[in-house]
Amino acid sequence: MQLDNNLVPDNVRLIYIDDPQRTNEEYEFTGNEITTSKYTVINFLPKNLFIQFHRVAYIYFLVIAALNQLPPLAVFGRTVSLFPLLFVLTVTAIKDGYEDWRRHRSDRNENNKESLVLQSSKFQSKRWKDIRVGEVVKIRVDETIPCDMVLLATSDPSGVAYIQTMNLDGESNLKTRYARQETSLMSFEGGLTSGVIRCEQPNRNIYEFTANMELNAHKVSLSQSNIILRGCQVKNTEWVVGVVVYAGQETKAMLNSAVSPSKRSRLEQAMNKETIWLSVFLFVLCLVVAIGMCLWLMRHQMQIDTLPYYRKSYLIKGKFPGKPYKYYGIPMETFFAFLSSVIVFQIMIPISLYITMELVRLGQSYFMIEDKHMYDSSTNSRFQCRSLNINEDLGQIRYVFSDKTGTLTENKMEFRRATVFGKHYRNSSMVDGSTKDTETAEPTKPAPLPTKGRKLKSDITVDPHLMRLLHKGLDGSEKISAHEFFLTLAACNTVIPIPSQSTHQGSMGTEIHEDLEAIDYQGESPDEEALVAAACAYGYILFERTSGHIAVDVNGEKLRLDVLGLHEFDSVRKRMSVVIRFPNNDVKVLVKGADTSMLSILSEDPENDDLSLVTQRHLNEYSSEGLRTLVLAARDLKGEELEEWQSMYEDASTSLADRSSKLRQTASLVESNLRLLGATGIEDKLQEGVPETIESLRQAGIKVWVLTGDKQETAISIALSCKLLTADMHQIIVNGTSESECKMLLSEAKAKYGVKCGGFRTQSFKLKKGAESDFVEVLAESKLTNLPPEDDGNRELTMGGPLALIIDGNSLVYILERDLESELFDLATSCRVVLCCRVAPLQKAGIVDLIKSRTDDMTLAIGDGANDVSMIQMADVGVGLCGQEGRQAVMASDFAMGQFRFLKRLLLVHGHWNYQRMGYLVLYNFYRNAVFVFMLFWYILCAAFSTTSALTDWSSVFYSVIYTSVPTIVVGIMDKDLSHKTLLQYPKLYEAGHRQEGYNSYLFWIMMADTIWQSLVLFCVPRFAFKESTIDIWSMGSLWTVAVVILVNIHLAMDIQRWVLYTHISIWGSVAMTYACVVVLDSIPVFPNYGTIYELAKQPTYWFSILLIIVVALLPRFTIKAMHRIFRPSDIQIAREAEILRKRRFFYGSRVFWRSTS
Amino acid sequence: MDALPRPKLKSKKPKYSRFTQQELPAWKPILTPGWVIASFVAVAILFIPAGLLCLSASERVVEIIDRYDDECLPDSYSNKGDSFIQSKDTNKTCVRTMKVPKKMTAPVFIYYQLDNFYQNHRRYVKSRSDKQLRDPGFADETRDCKPEDNLHGDENEPIIPCGLVAWSLFNDTYILSKGNKVLDINKKDIAWKSDTEIKFGSDVYPKNFQKGELIGGGELDETKPLSEQEDLIVWMRTAALPNFRKLYGKINSDLEANETITIVIQNNYNTYEFGGEKRIVLSTMSWIGGKNDFFGIAFLTIGGICLFMAINFILLYVCKPRPLGDPSYLSWNRNPSGQ
């Protein structure tokens, strides 16, 4: 389409077939060597460092380390201060290096593969990395394609090749690609090939390719169907020959291997706010030290020259008489005191928390991926975590936006209903309740297929009446219609029949036939496959397709039909048509399409009108049953019309510019005046477990909105069948065709159902935003009062049922683009269910944005097709289903899985766990670092504000890196408050995440108060116990090191809910590790602290101090926790007690609990 | 990226293990009222006797403290302690007497106590060279010792031991006598074994020490290696808090109750310039160390509080019990209208 621009010579790539020299002469096109690796041996260090320092955390580390190198500030030893930074840098560098080494290895494998390339007029083996643009490559069956190539010839004389694009888009079905007739018979060995291909510059669109080829002064158009892409495999074709157009990094596969943009979790954003508070704390602490230093110096100004413990000057007559030593005047000293206390208190800002969180998320993802309950055997896919930043968001989802087709439903189509010539036929063997439309009510049973042993892989039961009609053999418009109906089903598609030899256990009816040749249909859409399969069941067997003709076996009579032209399905026309010539030279246009687009182009004779009315009635019935409908029509094409069309078609399909719109014009020429044949109803089966999942999500306080491209009736019926809509709901249907109409409908609905005025709500929301400042808790609570359950509750009293809003795409156009957004928001948020039909992909994103921009609620979008990509990227959490419609949704998603029902487990179980763990992890890490910093701070107040740390430099540095880091990670990955059974049985527990029970400002401030208490205990117990004693600074430091490590570990241990072996190892191991490190550090004679621990451990006062510190520090916490547990238990606690007690005494008291929950 | 051909798809079904399914055997504690009460009682039972033991041990320790920095200043120098100490001509000998309140059994430890002396100041703590103290080869390792790094700024004349800590060595001396009999003060083994044996070199001798313009404190015998200079070793273990004691020596004979001890003090050390205080302490030792009521009181208090809490919890639990795992307490069951 955009090829007008591409005709500018700069934007066209010229490729001379079999002449790589000339091709590459002017522009050096990229060779076929690929490098996915980032580094080489030489640039690894600088480049890796450069990339690592893009993180703020590392810059902070670096600045602190640099500050410490200044002589007046040297708080820690030089090497010690660099340790944390070096540690983190090394760990990350090793990780990056390993990943890169693996990439190098796979690149090397890939680059050294060999293919046959035409070299000096013969196909010779050549390594992939040496293949150049313009060369001619031959690929044999089952080989992988090394670069993007234009097909020249295949083993099939008609030029068809089958390829599997599994690696590119995940679709496992075979696709057809064609070599142009002009080249398909050429012989390449002999060097006679010459030609020029003009194509667009490399781009990442794998579904489009525009080019033309000049061959012997003859212009031939090339399109998507003529190109085979790197990474695909050749199947069912002995060999193919093609000319390389894009190689290496410029291939579409390589251009598409970009990662999806990263998201930030909600918890992390909240955490960042608390981090600011921590920086305020840090600033205040440093300021206190600086001011203290200033006052102290002013008081002792006269003495500090000679003060034995200060001695600011040299008092030697020799070289430096009276020169001050490390003294820069009171203002500077104050400033330096400030900076050096920043260095000492640096871990107040828990920079390492970011690294810890990454590791924990990695571990959590491991368990999500390994969860056998989220493995889908039908697609052989595990759960995938594509984004590692938002695990905990899964525990706070409030809105789920779901696609319908392929998400709620399987997207495996089955042919269920047909209306032919105004008569209704059913194809299912289901017990049918309403048989009024069928001619007789006799029970349908599977009729044997009257075919010569061709059978389908899927078995369809046929309607005997329709079968009989087809075999009547008498003429009449009904019979003709039926014939053409099935011919259309068989011919008007792009499905490829693949004969397969596999013996397949079919149904009894088909097994009788002697000559068993199964046909496997591979199509681009499951609808088409279902239709062709249906035609096959009725004896219209499509068994061969080449680029020029198709062959259909009509009840044993083989019919070869020339395909003169094919107008593919597009979203504007919403129909496809094929022009075929019968063996008797009749030319017919066969069309199928969506009802809205078809009914308007039918011919206007009265007979057709009646038919059309009946058919429409049937269509409405079908869609109310949840079936997808298609209308079929046909017409004859004769004489002038045919010629006109042919010349236009020729012209359009070879044009380089604007091809698709020209083709559309051509199509409209023949897609008119059609004779209605009938319509089909295809069932899209619900996925397993969908109603249960939706019910659970609803109980969990999650609102499920369905956004679908389907028709309103279909959408409603699917919503009913998956229990999204229930009979007691009031349905508000908004189908406006103009802005004013939409506005009216919305305000009417609001008035009728008493939805609160929008102004109030938004205003109050803004107010809340303003007042939010730091107490999220308040916000959460006040929001809670606006929550849907309450709204529903109230309304149930007044109106007698919850509300459901059904709105269509047309109305959304008016609403989303105008000022009605807030009206819609008010209405939609007070409905229990919202169903949007006929929405375009961008509208899906618009609706997600409607919620995202107006509330703080978390949104999740789930979908499986390319049309869901925008929605998935817009939502806070995007989930992709590995479905039938390719992999774009998965590529754009944060999490990917096989089935919709896994969503329940993902949110209720893993989401809950991840959120609880991560919330606790963040709080604990804040506490762990702050308690250490405060302890140092109190001591500094006793050391004349001189930023002395009693702890050895190494212990200070090891504290957050080695002594206490492992348990938080293990607990963050492995702790579980409730078992998955409880969480699944009891979805309401999910609301803990909505109430932000795991992490909120209230908890933060409680935690900070506790931190200050604990740090005071840590400081004061030894301070008074060793008052006026002989204790030296290193003994005191050693005592504090051990005490604080034991304290924080026991604090953690008190909150662990599930002790597994690893938890024990990490907690007690950390304490042991600390002791080991202290012993080692005290055994190095050049350290001033040499031998401390050996002397210290002999004194009972040392052990008493530790015991006293632990007990006194944790006493308030323990008491408050106990009070809370006993008198104001949270839901999680009660469920936990019930769960554990139920296990202990299996029956007693538990039945009551579970009965009340179900 | 990973475009390798995969001829046959392996099943990606996760392999079952209790680890991957997070079903490892686990202990899941719940904080039942029983547990709460039990832990309070346990702490009380542990702490109250421990507190009594500590108190009784501390009670048995006999301690005599005498502040002498002000008393040993002649009236003529009452506000000029600084110049009194710095003057070479003043008589710094001072005699103090004290009465033994209770029988003190040997060994009796003699400490000096300094107040308001910030041995934990960062400038001070860092002003030392542990390499130099240990190994004669590192004699010129005086980087951290400024301004007491070398004599007259001459790099070839390093001070051993260098730095402010050594420079400010405490140098008051005490002679104790009971009646007319001088008590023998044992100054051996007053420092830690690890310090005398390994940290301070037996082949490192003092050099250029206290030869500078400003004398900070005591001098050292240049013929004795550092490992034998136990006063220095004790001093170099810098104190953690600004009020501290350091061991001066031990008396290996009992002191009877009501005996009068005479102490002859050489009042050399200058605490007057920064308003510090000096005390001499005679104390016996129990298993808990010196006189220390803190642990006894702390243990008793905490034990008492825990007992009180335990009783409270029992009462509260009797008055207002909540059955564990009772669904009627769930948030959505407490308020049937759906809160």
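User: How many aromatic pairs are there over all chains?
Analyst: The count comes to 65 aromatic pairs over all chains, where rings of Phe, Tyr and Trp (its six-membered ring) pair if their centres lie within 6.5 Å, with planes under 30 degrees apart called stacked, over 60 edge-to-face and the rest tilted. This is a predicted model, in which local features need pLDDT of at least 70 and side-chain atom pairs count only at pLDDT 80 or more, while totals for chains, interfaces and linings use all residues. Residues are numbered from 1 along each chain as its sequence is written, chains are lettered from A and ligands numbered from 1 in the order in which they are written, and side-chain values use heavy atoms, leaving out hydrogens and water.

User: What kind of pair do A:Phe1019 and A:Trp1040 form?
Analyst: A:Phe1019 and A:Trp1040 are stacked, at 5.9 Å centre to centre and with 25° between the planes. The pair links distant parts of the chain, 21 residues apart, with A:Phe1019 in helix H36 (residues 1001-1025) of chain A and A:Trp1040 in helix H37 of chain A; helices (H or I, at least four residues) and strands (E, at least two) are DSSP runs, numbered from the N terminus.

User: And is A:Trp1040 buried or exposed?
Analyst: A:Trp1040 counts as buried, at 2% relative accessibility, and A:Phe1019 counts as buried too, at 8%. Buried means under 20% relative accessible area, exposed over 50%, and partly exposed in between, with a 1.4 Å probe and protein chains only.

User: How many residues of H37(A) are buried?
Analyst: In H37(A), 21 of the 23 residues are buried, so this helix is largely enclosed by the rest of the structure. The end C-alpha atoms of H37(A) (residues 1033-1055) are 33 Å apart, which agrees with the 33 Å that its 23 residues should span, since the expected span is 1.5 Å times one less than the number of residues.

User: Switching to charges, what lies over the face of A:Tyr310?
Analyst: B:Arg123 lies over the face of A:Tyr310, at 4.2 Å from the ring centre. A charge sits over a ring if NZ of Lys or CZ of Arg is within 6 Å of the ring centre and within 35 degrees of the ring normal. A:Tyr310 also belongs to one aromatic cluster, whose members include A:Trp296, B:Tyr112 and B:Tyr124.

User: Now strands: which strand does E24(A) form a hairpin with?
Analyst: E24(A) forms a hairpin with E25(A), with two residues between them, and A:Asn555 in the turn has a positive phi of about 45°. Six bridges join E24(A) to E25 (residues 557-567) of chain A, and these strands run antiparallel; two strands pair if DSSP finds at least two bridges between them. E24(A) also pairs with strand E23 (residues 540-545) of chain A in the antiparallel sense, over five bridges.

User: How many residues of E24(A) are buried?
Analyst: Six of the six residues of E24 (residues 549-554) of chain A are buried. A:His549, A:Ala551 and A:Asp553 point one way, while A:Ile550, A:Val552 and A:Val554 point the other way.

User: What is the strand order of the open sheet in chain B?
Analyst: The four strands come in the order E2-E8-E4-E5, and the pairing is antiparallel. Strands E2 (93-99) and E5 (181-182) of chain B stand at the edges, each with a single partner strand, so one side of each is left without a neighbour in the sheet. Seven bridges join E2(B) to E8 (residues 260-266) of chain B, and the bridge partner of B:Val95 in E8(B) is B:Val264.
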